[in-house]
Amino acid sequence: MEKVKSFNISKRQVWEAYKCVKANRGGAGIDNQSIGNFEEDISNNLFKIWNRMSSGSYFPPPVKRVEIPKGDGRMRPLGIPTVADRVAQMVVKQYLEPLLEPHFHPDSYGYRPNKSALDAVGQARKRCWRYNWVLDLDVKGFFDNISHELLMRALVKHTDCRWILLYVERWLKAPVAMLDGSLVYPEKGTPQGGVASPLLANLFLHYVFDNWMQRKYSHVPFERYADDAVCHCRTESQANQLKADLEERFGNCGLELHPEKTKIVYCKDGDRKGEYPVMKFDFLGYTFRSRLSRTRRGKFFVSFTPAISNKAAKAIRQKVRSWNWQLRPGDTLEDLARECNSIIRGWINYYGRFNPSAMLGILDHINWRLVRWATCKYKKLRGRQRKATRWLRKIAEHQPNIFVHWSVLYKNG
C-alpha cells in the first residue's frame with residue numbers, strides 16, 4: 001500500500017517543470033551535473049524530486065556562487081542552483097505565478113508573461129514626451145538585501161499553501177557555496193540565478209514600490225523592470241520630494257537607493273528651455289537624451305528619445321572581439337555566420353527597436369572584424385584592407401542572407 005503524501009504535488013507538475021528548465025538551459029550547480037547528465041537517469045531523478053517535495057522532505061542543496069563582470073568593472077554575484085533544485089523551484093514558480101500575476105502593476109515589466117524590457121522602454125519614451133522630469137532609481141544591492149521576513153509576509157497575503165511557504169522559506173535560507181569552498185547561510189537576500197528569485201523579487205517590490213506608489217503618488221507614472229525603475233514628474237520639486245520619500249520608504253524596508261546612481265533628470269527637447277546638471281539617463285540598455293529627429297514629412301526637430309547606450313555598444317564590441325575570427329582562417333563565412341547570427345539577430349531586434357540608425361556603427365564594427373578575418377584567410381587580401389572591404393561588400397550584395405546584419409547595413413545600398 002502506497003504511503004499517503006503530506007502534500008498534493010503531482011508527477012505531472014514535476015514533469016512540466018522539468019521541460020521548462022530544460023528549455024531555459026543553464027549551467028551545472030554545485031554537484032557539477034549538467035542537464036545532459038540529469039537526463040541519463042531522468043525517471044529516477046524526477047521521481048526523487050517528486051517524492052521528496054510531496055513528502056515535505058525536500059531540502060535544497062547549497063547554491064553555487066559564481067561571478068560575472070558588470071559594466072562598471074566590478075563583479076556581479078550569481079547563485080546557480082543544481083538542475084534538480086531548478087526543477088523543484090520551477091514547480092513552485094508555476095504554482096505561484098498565476099496567483100500573483102493578476103495583482104501585479106501594469107507598469108511592472110520584468111520577468112513577467114507577455115511583457116518585455118522593450119515594452120518598458122517604449123512606455124518610458126512616450127512619457128518622457130509628456131513629463132519634463134524623470135527620477136531615475138537605482139537600488140543598491142537589491143537581490144542581496146531582500147528581507148526574508150517581509151517577503152514571507154507578502155507571500156502569505158496571496159497563499160496559505162503549506163508546501164509553497166515551506167519550500168520558499170527553505171530556498172531563502174539555503175546555504176551559498178562561496179568561491180573559496182566555504183558555506184554562507186544568508187540572513188537576507190535571494191540569489192540572482194534562482195528560478196523562483198525573479199518572481200519573489202517582483203512580489204517584494206510590488207509592495208515596497210508599486211503598491212506604495214499607487215497609494216502615495218498615484219499621479220506619478222513609472223516603469224519598473226525588476227529593480228530598475230524610472231518615475232515621471234511634472235516639476236523638479238515634485239521629483240525631489242518623491243526622491244526623499246522613496247529613500248525613506250526603501251530604508252524602512254531594508255533597502256537603500258544608490259546615492260550616486262539615483263538621479264533627477266531634465267528631459268530636454270526642442271520646446272523645453274533651460275539647462276540642468278543632468279539631462280540624460282540610461283534604462284535597460286538605452287540612453288534617453290535629446291536627439292535630432294525627423295518627421296515622416298522630412299522636417300527636423302529635437303526630441304528626447306532612447307537609443308542604444310554607449311555601455312551596451314561597448315559590451316557588444318567586446319563580445320564581437322572575443323570571437324577572434326582572425327584566428328580562424330580555416331572557417332568559411334557560412335561557418336562564422338552559423339555560429340554568430342542568432343546573437344547578432346538578438347542585438348538588432350533589441351537595440352534596433354528605437355533609433356535603429358544608432359546601431360549602424362556596431363554593424364560596421366562586425367564587418368570590420370570580418371574584413372580582418374578575410375585578410376588573414378586569403379593571401380591576395382593580406383595587408384590590403386580596402387580591397388578586403390570591397391570584397392566583403394560584393395559578397396554581401398550578392399548573398400545578403402549569409403549574415404543577418406547585412407540586410408540592415410546595406411538596405412539603402
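## Aromatic pairs

In this predicted model, a search of the whole structure turns up 29 aromatic pairs.

Another pair is formed by tryptophan 323 and tryptophan 347. The planes of these two rings are at 20° and their centres 5.8 Å apart, so the pair is stacked; planes under 30 degrees apart count as stacked. Tryptophan 323 sits in the loop between α10 (310-322) and α11 (333-351), while tryptophan 347 sits in helix α11, so the pair links parts 24 residues apart in sequence. Tryptophan 323 has a relative accessible area of 10% and is buried. Tryptophan 347, at 13% relative accessibility, is buried too. Ring pairs also join Trp323, Trp325, Trp347, Phe403 and Trp406 into a cluster.

## Charges over rings

The charged end of lysine 11 sits over the ring of tryptophan 50, at 4.7 Å from the ring centre. The charged end of arginine 170 sits over the ring of phenylalanine 59, and here the distance to the ring centre is 3.7 Å.

## Helix α12

Helix α12 covers residues 360-377, which is 18 residues. At 1.5 Å a residue the helix should span 26 Å, and the distance between its end C-alpha atoms is 26 Å, so the two values agree.

The buried residues of α12 are Ile362, Leu363, His365, Ile366, Asn367, Arg369, Leu370, Val371, Trp373, Ala374 and Thr375. An α-helix has 3.6 residues a turn, so residues three or four places apart point the same way.

## Two residues with positive phi

Tyrosine 111 has a phi near 55°, a positive value in a residue other than glycine. Tyrosine 111 is found in the loop between α4 (83-100) and α5 (117-130). With a relative accessible area of 43%, tyrosine 111 is partly exposed.

Alanine 226 likewise has a positive phi, near 55°, and is not a glycine. Its place is in the loop between β6 (222-225) and β7 (228-233). Alanine 226 counts as buried, at 8% relative accessibility.

## Glutamine 89

Glutamine 89 is part of helix α4. Its relative accessible area is 5%, so glutamine 89 is buried; the cut-off for buried is under 20%. Apart from neighbours within four places in sequence, glutamine 89 is in contact with Pro81, Trp171, Gly194, Val195, Ala196 and Ser197.

## The chain as a whole

The chain has 14 helices and eleven strands. Its C-alpha trace spans about 80 × 60 × 40 Å along the principal axes. Of the 413 residues in the chain, 47% are buried.

Among contacts in the chain with a separation of 6 or more, 67% are between residues 24 or more positions apart. The chain exposes about 21,700 Å², and carbon and sulfur atoms supply 49% of that area.

Technical notes: Residues numbered from 1 in each chain as written. Predicted model: local features only at pLDDT ≥ 70, side-chain atom pairs only at ≥ 80, totals over all residues. Heavy atoms only, no water. Phe/Tyr/Trp six-rings, centres within 6.5 Å; stacked < 30°, edge-to-face > 60°. Helix = DSSP H or I, 4+ residues; strand = E, 2+ residues; numbered from the N terminus. Buried < 20%, exposed > 50% of the residue type's maximum accessible area, 1.4 Å probe, protein only. Lys NZ or Arg CZ within 6 Å of the ring centre and 35° of its normal. Expected span 1.5 Å × (residues − 1). Contact = heavy atoms within 4.5 Å. Areas by Shrake-Rupley, 256 points an atom, 1.4 Å probe, with all protein chains shown as cover.
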